[in-house]
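Subject: Structure for your review

Dear colleague,

Please find the structure below, together with its sequence.

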Amino acid sequence: MTTPDDSQLVFDKDGVRLTVEDAVATVTLTNPAKRNAQSPALWRALTEAGRSLPGSVRIVVLRGEGKSFSAGLDRQAFTPEGFDGEPSFLDMARGSDADLDAVIAEYQEAFTWWRRSDLVSIAAVQGHAIGAGFQLALACDLRVVAEDVQFAMRETSLGLVPDLTGTHPLVSLVGYARALEICATGRFVHAEEAERIGLANIAVPADELDAAVRGLSAALLAAPRDAVVETKALLQGAAGRSYEDQRTAERAAQARRLRDLAGLGD
């Protein structure tokens, strides 16, 4: 995928580039030589990207340069030395429960802002999306995938658990039994299956990934922003509400929209 020439560069550091073109922001993982492997520095840059979005942005596209979206956590994390200036896994394990919880919570912030109700986020995924890469794709609202995509949740195979917010959306998308099987086996999920079971909204040949993302972005931008925001919030809360509570939420949201359209909003 290419970066539009007329987009505005917001920042480019620690393996993450943020550009903005009108109402569409693009967050790009920029370390193709390492298949966009992830690190704490990259996670902090992703968190900063979310905080740096202009208010005009409605769509955020997440993509990875090169042949892979993200092959997961950089294997340097598993060495005794870890990353320069970062606690190694061994150091983290020796800390208190509170300290360990705080470190993981900070890492998770890179994966949480993609579902803000005022945005619609789209992961454009090609090649490997493994472990943390899979969870980053799951952090987005929508996923457009190339036919060569390979999703896998490898944490359990390494004696760990998926802890970067991926378990909730995975269960929501494919159900408990399928999510357990995918996580516990660590197997690959390819494009056809991903689309069939709901992991992917659209699967296309790799050379059509750009165009498919642009088309989906344009379709999302065609609807009024406030209506999309209200609808997204309704759908996000639906699983936690009873049928009657959801009916009530729908009525309240519609009342707000009608008043706004009539010029009677707050």
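A cavity is here a set of grid points where a 1.4 Å probe fits but cannot get out, and a residue lines it if it has an atom within 4 Å of a point. Please note that the model is predicted.

Cavity

The count comes to one cavity of 30 Å³ or more. The volume of the largest cavity is about 60 Å³. Its lining is made up of R58, I59, S117, D118, L119, V120, R225, V228 and V229. By class, these residues are five nonpolar, three charged and one polar. Helix α9, which spans residues 225–238, gives the most to this lining, with three residues.

Pockets

The largest pocket has a volume of about 760 Å³. Its lining comprises 33 residues, and L73, F78, F89, L158 and L160 are those nearest its centre. Of the lining residues, 21 are nonpolar, seven are charged and five are polar. At least two residues each are supplied by α1 (40–51), α2 (89–94), α3 (97–112) and α4 (132–139).

The second largest pocket holds about 630 Å³ of space. It is lined by 21 residues, with R115, D141, K232, L235 and Q236 the closest to its centre. Two or more residues of this lining come from each of α3, α4, β7 (142–146), α5 (167–174) and α9. Helix α9 has the largest share, five residues. The lining of the second largest pocket divides into 11 nonpolar, six polar and four charged residues.

Sheet and packed helices

Seven strands form an open sheet with mixed pairing, in the order β1-β2-β3-β4-β5-β7-β10. The edges are taken by β1 (8–13) and β10 (202–204); each has a single partner strand, so one side of each is left without a neighbour in the sheet. From one strand to the next, the twist averages 15°.

Within the sheet, β5 (residues 120–125) pairs with β7 in the parallel sense, over four bridges. A123 has R143 in β7 as its bridge partner. Helix α4 packs on the sheet, where it touches β3 (24–29), β4 (59–64), β5 and β7, and its direction makes about 145° with that of β5. Helix α8 (residues 209–221) lies across β3, β4, β5, β7 and β10 and runs at about 160° to β7.

Yours sincerely

Terms used: Residues numbered from 1 in each chain as written. Predicted model: local features only at pLDDT ≥ 70, side-chain atom pairs only at ≥ 80, totals over all residues. Heavy atoms only, no water. 1 Å grid on protein atoms, 1.4 Å probe; cavity = no way out; pocket = protein on both sides within 12 Å on 5 of 7 lines; lining within 4 Å. Points joined across faces, edges and corners; volume = space filled by probe spheres on them. Nonpolar A, V, L, I, M, F, W, Y, C, P; charged D, E, K, R; others polar. Pairing = 2+ DSSP bridges. Axes fitted to C-alpha atoms, helices over the stretch in contact; angles between N-to-C directions. Contact = heavy atoms within 4.5 Å.
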